[in-house]
Amino acid sequence: MIISEQWLREWVDPAVDTQTLGQQLTMAGLEIESIDPVAGAFTGVVVGEIVSAEPHPDADKLRVCQVNSGSETLQIVCGAPNARAGLKAPLATVGGELPGDFKIKQARLRGVESNGMLCAEQELGLSEANEGLMELAQDAPVGADLRDYLGLDDQVLEIGLTPNRADCLGVRGIAREVGLLNDCSVTEVTCDPVQSALDEIFPIEIKAPARCPHFTGRILRNVDVSRPSPLWMQEKLRRCGLRSIDAVVDVTNYVMLELGQPMHAFDFDKLVGGIVVREAEQGEKLALLDGSEVELGTDNLVIADHEKAVALAGIMGGEHSAVSDQTKNLFLEVAFFTPHLIAGQARGFGMHTDASHRFERGVDFELQVKALERATQLLIDIVGGEAGPINEQTAASEMPARPDVSLRADRIRKLLGFELDSKEVERILGGLGLGVTATDAGWTCSVPSWRFDIAIEVDLLEELARVYGYNRLPVSHVHADLVIPARDEQQLSQRSVRRHLAARGYREAITYSFVDPKLQAQFDPGVTPVALTNPISADMAVMRTSLLPGLISAAQRNVNRQQPRVRLFETGLRFVPTRDGLEQTPTLAMIVTGARSPESWDSDDTGVDFYDLKGDLESVLTLTRDLDGFAFHAAQRDGLHPGQSARITRKGQTVGYIGALHPVVAAQLDFAATLYACEVDLSAVLAGELPEFAELSKFPEIRRDLAFIVDKEVAVADIMGEVRSVAGAYLSDLTLFDVYTGKGIDPKRKSLALGLTFRDHSRTLGDEDVNPTVGQVIDLLEKNYNAELRS
């Protein structure tokens, strides 16, 4: 919310300076993000009037203007396309200074003397507009100091409102807060009923009362839209970040900023039959004011006449019924839309408007008639016309319920930690607009129509604390019996896993729990993820069933930003729907892409491969002291390369997957380098084994190396598992130290070399102890795997 300090002080004028006012609002929960002057620092700028504008003799785009400065007529060379006789514009006189320490001097432009400068808004630091001279009102006093005439000694407050404070999306709401904080009166604007000059009423029918329980409108005939809005209104709009369009649009925007109530004006002659507030028909199309066309569904709400939709309710008006230069008659509408049913409608079309921003958060549902009267009076004052009576339609049963909220006096002490005088409680709550009635236990409060965030007792306590001042709350020391909880020695901590991966060159990522449904479907096509009712955007619309989509997207952003070597990991929850409800599984995910080693004089640019990631994961699994309990089995998983992926098990139970990103997914994400990823249940990673003492043997070991040829399809892990099963208790270590394919080997087979180490704790082993075991291993391999022992 952007607001002019001068405008705010028209409503409430506390005896504090701008900085103090900003601090008060910030401490009250309305955080001031910035305070900026409404104009740059300049001097010597007055209201000037162009008496004549003739073409420059030596430049097609320049004009030689005679300008009345109020005290004399000056010759000024100007290149603005709108420079013309009769125009009043800012005039920087010789000796004056513009923002950026730009001093105005007498000069010659293409041989013609120029004694000053006619200014655009950008040159005065008012806005970014620089298409032409800033056009002032025709009644602007020539020669008047521009800063005084426009009231530019003003500050703009940018307030970062939280979503629950929709009541402060207007000057009225902020003034209410300032008045309460400074215990001073607030001057409300006059919204007296406008006397009807017509008996004409345009019919209104509400067919979707749950979504729009209150709708008001009136006809305004014989308006003159060629009249501009007054300068004071244009300036207030500009300082709040809105540009002036025409008098009708300016008035609707002004009332929205003043009272917080969005509204819309239709060209009445373009409406047929009456107004109908209804749900859109499937496939119905509507051209909007911004020039776009949207295709509607039955979940969209529209304002229509008896032939077609004329506005997207609570978001934007339609182009067909828009006010134009030829408009003579208006239909003004002001409505209330149920916040939770209108929320997300604008984002569904990739839009965000001032109206949708307010309606989604909640507009005062008793404000519509007042806002309509205010806008009507302003329009009659500016563009003239005769107003008809207000047509007000209300679905009382669908209006928001406002049950009273009770506040117990003893809860103030218990939850806020201090005593608050009852008179101060009543002053604060009354100042917020609540109806306060004293009871034996405390107070009963009726909630005003503009506060959607007050429903229970703690809401009232929060209001007391923030208005009283968080910085004034007393400090007290916490007294508690702190018991150190028992810690399972077998359970590893997530911190140890994170630190271990960081030491291996990985960086921890924290991604959103909601992801792109299209990318999610690449990894879990058989699972229907939980869809968000009101997603932030279309690519964050479902809860993740895997950590990989978010982590891969993070890797993609890094690669796109010229990071040649990416190593990321994340610990978080997966949200998997099951028959028993939503299963939330803690998970560890890791991804690697790019070069194996950082760039250095002693390393090459070899890319990572499957075994790099597998080795890093095994180093993590080593922390469990049960690495042998984990196994990798060739398997396929959606989203991973079918020939370069494996299933991870622990003691026979599947706990995760590892592999290269599927080429189709990589192509869709425009990944040039291969990306490898793994995902493991965190519970399996954190479940460790207790260390046990094992006495070191004092006797020497015996090693036997076996090289044999087997089919390429045979998994080494299966072979090593079989060898361990028959090698007996003397086997202390089993190592695969060579794999060979190529010259001298059948193309369909491969050569493996195993190192078997034997040792006993009570004696020295001899050949007679080891050779029978080695023979059993050879027989096993020849029988089960068609192995050929190499000499």
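Predicted model: local features only at pLDDT ≥ 70, side-chain atom pairs only at ≥ 80, totals over all residues.

**Exercise 1.** Determine which element gives the most to the lining of the largest pocket, and describe that lining.

*Solution.* 
Step 1. By class, the lining comprises 18 nonpolar, seven polar and nine charged residues.
Step 2. The space in this pocket amounts to about 1,400 Å³.

**Exercise 2.** State the order of the strands in the open sheet of seven strands, and explain why one side of β27 and of β32 is left without a neighbour in the sheet.

*Solution.* 
Step 1. The order is β27-β30-β31-β35-β34-β33-β32, with mixed pairing.
Step 2. β27 (507-508) and β32 stand at the edges and have a single partner strand each, so one side of each lacks a neighbour in the sheet.

**Exercise 3.** Identify how β33 and β34 are joined, and which helices pack on the sheet.

*Solution.* 
Step 1. β33 and β34 (residues 653-661) run antiparallel and are joined by seven bridges.
Step 2. Within this part of the sheet, Arg-647 is opposite Tyr-657 of β34.
Step 3. Helix α17 packs on the sheet, where it touches β31, β32, β33, β34 and β35, and its direction makes about 25° with that of β35.
Step 4. Helix α16 (residues 548-560) lies across β30 (565-578), β31 (581-594), β34 and β35 (675-681), and runs at about 155° to β30.

Terms used:
Residues numbered from 1 in each chain as written. Heavy atoms only, no water. 1 Å grid on protein atoms, 1.4 Å probe; cavity = no way out; pocket = protein on both sides within 12 Å on 5 of 7 lines; lining within 4 Å. Points joined across faces, edges and corners; volume = space filled by probe spheres on them. Helix = DSSP H or I, 4+ residues; strand = E, 2+ residues; numbered from the N terminus. Nonpolar A, V, L, I, M, F, W, Y, C, P; charged D, E, K, R; others polar. Pairing = 2+ DSSP bridges. Contact = heavy atoms within 4.5 Å. Axes fitted to C-alpha atoms, helices over the stretch in contact; angles between N-to-C directions.
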